[in-house]
There are 2 protein chains.
Amino acid sequence: MSKVHNFSAGPCILPQEVLKQASEAVINFNNLNLSLLEISHRSKDFIEVMENARNLVRELLNVPDNYEVLFLQGGASLGFLTAAYNFMKIDGSAAYLNTGTWANKALKEAKLLGGVLEVASSKDKNYNYIPKNYQIPGNADYLHITTNNTIFGTQLKKTPISRIPIIADMSSDIFSKKINVSDYDLIYAGAQKNMGPAGTTLYIVKKSALGKTGRTIPSMLDLEVHISKDSMFNTPPVYPIYVSMLTLQWLKNNGGVEWIEGINQQKADLLYNEIDNNPLFKGTAEVDSRSNMNATFVLTNDDLKDEFDSMWQAANISGIKGHRDVGGYRASMYNALPLESVQALVDVMKELAKKHS
Amino acid sequence: MSKVHNFSAGPCILPQEVLKQASEAVINFNNLNLSLLEISHRSKDFIEVMENARNLVRELLNVPDNYEVLFLQGGASLGFLTAAYNFMKIDGSAAYLNTGTWANKALKEAKLLGGVLEVASSKDKNYNYIPKNYQIPGNADYLHITTNNTIFGTQLKKTPISRIPIIADMSSDIFSKKINVSDYDLIYAGAQKNMGPAGTTLYIVKKSALGKTGRTIPSMLDLEVHISKDSMFNTPPVYPIYVSMLTLQWLKNNGGVEWIEGINQQKADLLYNEIDNNPLFKGTAEVDSRSNMNATFVLTNDDLKDEFDSMWQAANISGIKGHRDVGGYRASMYNALPLESVQALVDVMKELAKKHS
Ligand SMILES: Cc1ncc(COP(=O)(O)O)c(C=O)c1O
Ligand SMILES: Cc1ncc(COP(=O)(O)O)c(C=O)c1O
Ligand SMILES: [Mg+2]
Ligand SMILES: [Mg+2]
Ligand SMILES: [Mg+2]
Ligand SMILES: [Mg+2]
């Protein structure tokens, strides 16, 4: 059986060579004759993994020296709370751009700590576009954005122009394209899309922006605590961090973010062209808000559903069922998904059209 | 090179057969032709892992039906905060038994939410004993205990008699011996000792005890939220949960907690007998407070340090350097450590004594 074309929305496809090395490390890590799972996180071998992972993030994203890089636990969902705790002042407020389910959940956690203003929302059209031309209150402590909306297949094409600090949940598009880290005071992202397996969360934070809220922050939510312990305040999620390190190494070895951005553009162009030109399909997101990571689309004729579903399954394609909030299909094209997988999907779409032309 | 005798304090030794299966799943899980790391956590294959893991906990510990079992993220360190959030009432208070570093850290997080009373402390003797005969305030919301003190090598031999609910951090002795779950309103434990690799935290909670604090709890810290989503409120740490499931399966297949409790007693007896009878060594914990998981001991003559250190290293023993807060040596004898590894250590200790008799 040949390799599955894995369009899963996350956790998702990882490079084969990463998986091979990751599998070996479970038996014998660094020729220690011990599994990576059974060594101390304070051992020099694991500290090296952690430092490597942090440095790869720095290199790949050109992280400025005044930013810190952390690998923590809790997923982006704990990030929603951590972001607000570290940046919303006592008696302060925050501004949120509501572009979907995850943006909403981020906003909900922030409300526990202070006033939250929704600067704009695309809820009116089931989040199929990124709002434009909204006002950002100059007195809020930060603006929170979700750069890629995994469920709805929309993506911010540029960073908002803002006089207040920007915090970005980049869970589903980090490392997929170049970013300018200094546009943000805080970036956070669950690993399980472009970076690695589920179980660790990346934080990139401007150090000088911390410690200004007047709050006592619980230790595990306090980014300054984690920084002071080099991302090892408590036992880190060893294996997810290791596999993330391997994936970042893979990205670097192949040409880095610039290289993958080009490939991701090719994949997205290939699929969106087919969606647009094929009369049996249409996209659900507005064209100028379309995500290069998650393409959402529907059949123009629902009667073809069973036929299409058996065709892509026969072609060894997996994971393209749409999220229940949108329906239809969602093809997630994260970094490790090869162009040939997108081609396989496009071939099936063409085949369906041919049969019904 | 033969297998290392791995006395690491955590993350720590896991069963060889678990590691073998865990390694295979990284390449091809359940014959899906996909890695476990790259499938959706909402897939039927992973939901089965999660349910299996939760059910194994129920079986192995005889968890009563009115308790819920969760596999979350954040380590026991986030558990310190989660425990307080879910059990300390607004304007309430809590009682903490201070038996060491981890107990202290738990207490510190609880202080952010309300009044905390330290019911007793063994700090006066660098935590080398478990306090007895202390008063538990009848009006506190709960008593918090740390059943095994990983750093200091002490262990509670019985659950305190308490009129108020008990919350227990069992990170370093869960699954090592029989417990009576209904003695506790909440048990939590980081996986990385007897249960699996780092990256997931087990919670066993009496459902009817929740929702009584009057607090609005942040979603990721709210045990009722996690229960309502069957431990999948957000993306779970897939791989750590899977390896924990395999380890619990291994325990069950071999005879369960009763079986391992006997073996753990043999291992502890073997080592403590040697510590007591060998004139070159002495234990640091008081005899009636000694841990069956972590045995802490020192040389009676420090001049022998280099000699002893090279002898155990030559015997392929690893991980027995003591924690900096105690010094000397710490031999952690978690479930997966075979009796023969303890014998190997005892042989080296005997050998040293012979040379110097
Ligand atoms: C954009 C975005 N933010 C946040 C999350 C939540 O992440 P986690 O499940 O790691 O908490 C997701 C999950 O898919 C996501 O896509
Ligand atoms: C008894 C005990 N409690 C809590 C912790 C902290 O656990 P974590 O590192 O998972 O946060 C440890 C870590 O070794 C421990 O031994
Ligand atoms: Mg979304
Ligand atoms: Mg079309
Ligand atoms: Mg301790
Ligand atoms: Mg002695």
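**Entry 1**

I began with A:Ile275, which is buried at a relative accessible area of 0%. Buried here means under 20% relative accessible area, exposed over 50%, and partly exposed in between, with a 1.4 Å probe and protein chains only. This is a predicted model, where local features need pLDDT of at least 70, side-chain atom pairs count only at pLDDT 80 or more, and totals for chains, interfaces and linings use all residues. Residues are numbered from 1 along each chain as its sequence is written, chains are lettered from A and ligands numbered from 1 in the order in which they are written, and side-chain values use heavy atoms, with hydrogens and water left out.

I then looked up what holds A:Ile275 in my notes: the magnesium ion (ligand 4) has A:Ile275 (O), A:Asn278 (O) and A:Phe281 (O) as its protein donors, at 2.1 to 2.4 Å. Donors are N, O and S atoms within 2.8 Å of the metal (3.2 Å for Na, K and Ca); water is not among the atoms, so sites may look incomplete. Along the chain these donors follow the spacing I-x2-N-x2-F. A:Asn278 is also buried, at 3% relative accessibility.

**Entry 2: the magnesium ion (ligand 6)**

Next I checked chain B. The protein donors of the magnesium ion (ligand 6) are B:Ile275 (O), B:Asn278 (O) and B:Phe281 (O), lying 2.1 to 2.4 Å from it. I read their spacing in sequence as I-x2-N-x2-F. Both B:Ile275 and B:Asn278 are buried.

**Entry 3: A:Lys193**

I looked for records on this lysine. An unreviewed UniProt entry annotates A:Lys193 as "modified residue: N6-(pyridoxal phosphate)lysine". UniProt positions are given in the numbering used here, feature names are shortened, and annotations may be inferred rather than shown by experiment.

Where does A:Lys193 sit in chain A? I found A:Lys193 in the loop between strand E9 (186–190) and strand E10 (201–206). Helices (H or I, at least four residues) and strands (E, at least two) are DSSP runs, numbered from the N terminus. A:Lys193 counts as buried, at 11% relative accessibility.

I listed its contacts, leaving aside neighbours within four places in sequence. Among them are A:Ala9, A:Gly10, A:Cys12, A:Thr150, A:Ser171 and A:Tyr334. Contact means heavy atoms within 4.5 Å.

**Entry 4: ligand 1**

Ligand 1 lies between chains A and B. I noted 15 residues around ligand 1, the closest being A:Ser77, A:Thr150, A:Asp169, A:Lys193 and B:Thr235. A residue is near a molecule if one of its heavy atoms lies within 4 Å of it. Helix H3 (residues 75–87) of chain A gives the largest share of this shell, four residues.

I then took the polar atoms. In the side chain of A:Thr150, an N or O atom is 2.5 Å from an oxygen atom of ligand 1. The side chain of A:Lys193 has an N or O atom 2.6 Å from an oxygen atom of ligand 1. A:Asp169 has a polar side-chain atom 2.6 Å from a nitrogen atom of ligand 1. On its own ligand 1 has 390 Å² of accessible area, and the protein covers 96% of it. Accessible areas come from the Shrake-Rupley method with a 1.4 Å probe; for residues, only the protein chains shown count as cover.

**Entry 5: ligand 2**

Ligand 2 also lies between chains A and B. Which residues are the closest to ligand 2? I wrote down A:Thr235, B:Ser77, B:Thr150, B:Asp169 and B:Lys193, out of 15 that surround ligand 2. Four residues, the largest share of the shell, come from helix H3 (residues 75–87) of chain B.

A polar side-chain atom of A:Thr235 is 2.5 Å from an oxygen atom of ligand 2. For B:Ser77 I noted 2.6 Å from a polar side-chain atom to an oxygen atom of ligand 2. B:Asp169 places a polar side-chain atom 2.6 Å from a nitrogen atom of ligand 2. The protein covers 97% of the 390 Å² of accessible area that ligand 2 has on its own.

**Entry 6: A:Ser219**

I found A:Ser219 in the loop between E10 and helix H5 (223–228) of chain A. A:Ser219 is buried, with a relative accessible area of 6%. Beyond neighbours within four places in sequence, A:Ser219 is in contact with A:Val225, A:His226, A:Phe233, B:Lys108 and B:Glu109.

How values were computed
Polar contact = N/O pair within 3.5 Å; in protein donor to acceptor, adjacent residues only side chain to side chain.
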